[in-house]
Amino acid sequence: MMSTPGLLSAFRRTALVLALVAGSMPAFAQESTNQSVDQSATQIAGNQPVGDVVLIPNRVIYPGQTIELTALKQVTLMAGKHKPDGVVTRAEELDGKVAKRTLLPGRYIPSTAIREAWLVEQGASVQVFFIAGGLTISATAVTLQPGAAGDLVKVRNIDSGKILSGTVMADGTIQVSAS
């Protein structure tokens, strides 16, 4: 007669083998054959209602790499399964963003693991503007840290050597305010 621990061990081994053979896709997802989300589809094979559609990496994306749509795979969650909170699932939220940490194939992409692409790199020469009413003062500065549009970054004025804080504008310039 076989003992319970032996059965449990055999069960665990079988589950591990199945997980390895199934690949890196979540166990509760079914790969979508259509890369665009079809809102009219309400059934998956087997007459099960369609679950949430999510995007997951189909290859490893390393920190600092730009996320391209070709590196993502669309999957449909099995009926009754829902995506966790705090994960990015839409192509518009991912295309052109940069990975802050390693993104593994078959795993959800947390919103905290991506960032906007830098508009200004550390050490770049930029134009700095101070605008107050009708007065505009411009200077050339060197960035001390990288930043995306809307980020607060520190810059060093080339002429005076003073360190200023300013906001990165959409055109790559820095706008400083009176402090």
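# Exercises on a predicted barrel-containing chain

A closed barrel of five strands runs in the order β10-β11-β12-β13-β14, and its pairing is mixed. On average, neighbouring strands of this sheet are turned by 50° against each other, direction ignored. Such angles lie between N-to-C directions and run from 0 to 180 degrees, with axes taken as lines fitted to C-alpha atoms.

The model is predicted: local features need pLDDT of at least 70 and side-chain atom pairs count only at pLDDT 80 or more, while totals for chains, interfaces and linings use all residues. Residues are numbered from 1 along each chain as its sequence is written, and side-chain values use heavy atoms, with hydrogens and water left out.

## Exercise 1. Describe the chain as a whole.

Step 1. List the elements. The chain has two helices and 14 strands. Helices (H or I, at least four residues) and strands (E, at least two) are DSSP runs, numbered from the N terminus.

Step 2. Turn to burial. Of the 179 residues in the chain, 27% are buried. Buried means under 20% relative accessible area, exposed means over 50%, and partly exposed lies in between (1.4 Å probe, protein chains only).

Step 3. Turn to contacts, where contact means heavy atoms within 4.5 Å. Among contacts with a separation of 6 or more, 48% come from residues 24 or more positions apart.

## Exercise 2. How do β10 and β14 pair, and which residue is the bridge partner of phenylalanine 130?

Step 1. Recall the rule: two strands pair if DSSP finds at least two bridges between them. Strands of a sheet pair through backbone hydrogen bonds, either parallel or antiparallel.

Step 2. Apply the rule. Strand β14 (residues 174–176) and β10 pair in the parallel sense, over three bridges.

Step 3. Name the partner. Phenylalanine 130 has valine 176 in β14 as its bridge partner.

## Exercise 3. Why is strand β5 said to be largely enclosed?

Step 1. Count the buried residues. In strand β5 (residues 72–77), six of the six residues are buried, so the strand is largely enclosed by the rest of the structure.

Step 2. Check both faces. Leu72, Gln74 and Thr76 are buried on one side, and Lys73, Val75 and Leu77 are buried on the other.

Step 3. Find a paired strand. Strand β4 (residues 53–57) runs antiparallel to β5 and is joined to it by five bridges. Valine 54 has valine 75 as its bridge partner in β5.

## Exercise 4. How many salt bridges are there, and where do they lie?

Step 1. State the rule. Side chains of opposite charge can pair when their charged atoms come close. A salt bridge is a side-chain nitrogen of Lys or Arg within 4 Å of a carboxyl oxygen of Asp or Glu. By this rule there are three salt bridges.

Step 2. Take the network that links Arg90, Glu92 and Glu93. Arginine 90 and glutamate 92 have their closest N and O atoms 2.9 Å apart. The N to O distance between arginine 90 and glutamate 93 is 3.8 Å.

Step 3. Glutamate 92 is exposed at 57%. Arginine 90 is partly exposed at 46%, as is glutamate 93 at 30%.

Step 4. Take the salt bridge between lysine 97 and glutamate 116, at 3.2 Å from N to O. Lysine 97 lies in the loop between α2 (91–94) and β7 (98–99), and glutamate 116 in the loop between β9 (114–115) and β10 (125–132), so the pair ties together parts that are 19 residues apart in sequence. Lysine 97 is buried at 17%, whereas glutamate 116 is partly exposed at 46%.
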